[in-house]
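Work through the following exercises with the sequence and the model side by side. Each task is followed by a solution in steps.

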Amino acid sequence: MRCRRPDQRGFTLPELLIAVTVLGIIMVPLTASIVVGLRTTGDAQQRLVESRGEQLTAAYFPTDVASADTIVPTDANPCGGAGPAVVVSFDWADDHSPTNEVSYVVPAGSSDMYRKACQGGVVHSTNLLASGLSGKPIVTCTPNADCSGTPSGATISVTGQSGTSYTVTGTRRSS
């Protein structure tokens with residue numbers, strides 16, 4: 001066993017002061033970066049949710065407009081009986097069913113937009129399209145904004161809670 005000499009025990013006061021000073025210099029920017037990271041995480045998460053909604057709306061809306069024989073804003077008898085929450089409905093007939101309908105709905109008290117698809121009057125799918133909306137999306141048609149007559153296309157405008165907005169346009173197929 002080795003014996004220590006009395007002059008080799010512990011730290012000296014200058015060594016201890018230097019260590020504490022270096023530790024302080026390292027901790028200040030590290031703490032600041034953690035605080036900034038925690039503050040921006042919520043905003044980044046909200047923007048991520050909103051961009052997901054934009055992608056899903058852009059994937060479904062143009063196809064639904066292209067398939068539609070009729071475009072019905074604020075449909076009184078929507079797919080799945082969504083009632084006053086309906087943003088717009090698209091109706092068409094095909095080889096599988098004479099009555100197909102897709103309704104975009106924002107339920108009362110919700111900030112989420114859903115896409116409900118019905119075939120023969122029965123809901124066969126419900127998809128969450130967008131979360132964190134600020135108000136009800138607005139649908140306009142071309143050439144008549146109120147979708148009267150036989151519109152050639154439709155546009156949906158959506159605004160998120162962070163204030164970002166997007167617009168998706170679809171064009172009907174010619175008969």
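A disulfide is here a pair of cysteine sulfur atoms within 2.5 Å. This is a predicted model, in which local features need pLDDT of at least 70 and side-chain atom pairs count only at pLDDT 80 or more, while totals for chains, interfaces and linings use all residues. Residues are numbered from 1 along each chain as its sequence is written, and side-chain values use heavy atoms, with hydrogens and water left out.

**Exercise 1.** Find the disulfides and describe the place and burial of their cysteines.

Solution. Step one is the count, which comes to two disulfides, and with bonded cysteines counted along the chain they follow the pattern 1-2, 3-4.

Step two takes the pair Cys79 and Cys118, whose S to S distance is 1.9 Å. The torsion about their S-S bond is about 90°, so this disulfide is right-handed. Helices (H or I, at least four residues) and strands (E, at least two) are DSSP runs, numbered from the N terminus; in these terms Cys79 lies in the loop between strand S1 (70-73) and S2, whereas Cys118, 39 residues apart from it, belongs to strand S4, and the pair thus links distant parts of the chain. Both Cys79 and Cys118 are buried, where buried means under 20% relative accessible area, exposed over 50%, and partly exposed in between, with a 1.4 Å probe and protein chains only.

Step three turns to Cys141 and Cys147, which form a disulfide with their sulfur atoms 1.8 Å apart. Here the torsion about the S-S bond is about 75°, so this disulfide is also right-handed. Cys141 is buried with a relative accessible area of 6%, and Cys147 is buried with 5%.

**Exercise 2.** Which residues of the largest nonpolar core touch the most other members?

Solution. A nonpolar core is a set of buried Ala, Val, Leu, Ile, Met, Phe, Trp, Tyr and Cys residues joined through side-chain atoms within 4.5 Å. The largest one has 24 residues, of which Phe61, Ile71, Val88, Phe90, Tyr104, Met113 and Ile156 touch the most other members. Among the elements that give two or more residues to this core are helix H1 (13-67), strand S2 (86-92) and strand S7 (153-159). The largest share, four residues, comes from S2. As a closer look, take Ile71: leaving out residues up to four places away in sequence, its contacts (heavy atoms within 4.5 Å) include Val65, Val88, Phe90, Cys141 and Cys147.

**Exercise 3.** Is Leu30 buried or partly exposed, and how many residues separate Leu30 from Asp94 in sequence?

Solution. First, Leu30 has its place in helix H1. Second, its relative accessible area is 42%, so Leu30 is partly exposed. Third, Leu30 and Asp94 are 64 residues apart in sequence, and their C-alpha atoms are 62 Å apart in space.
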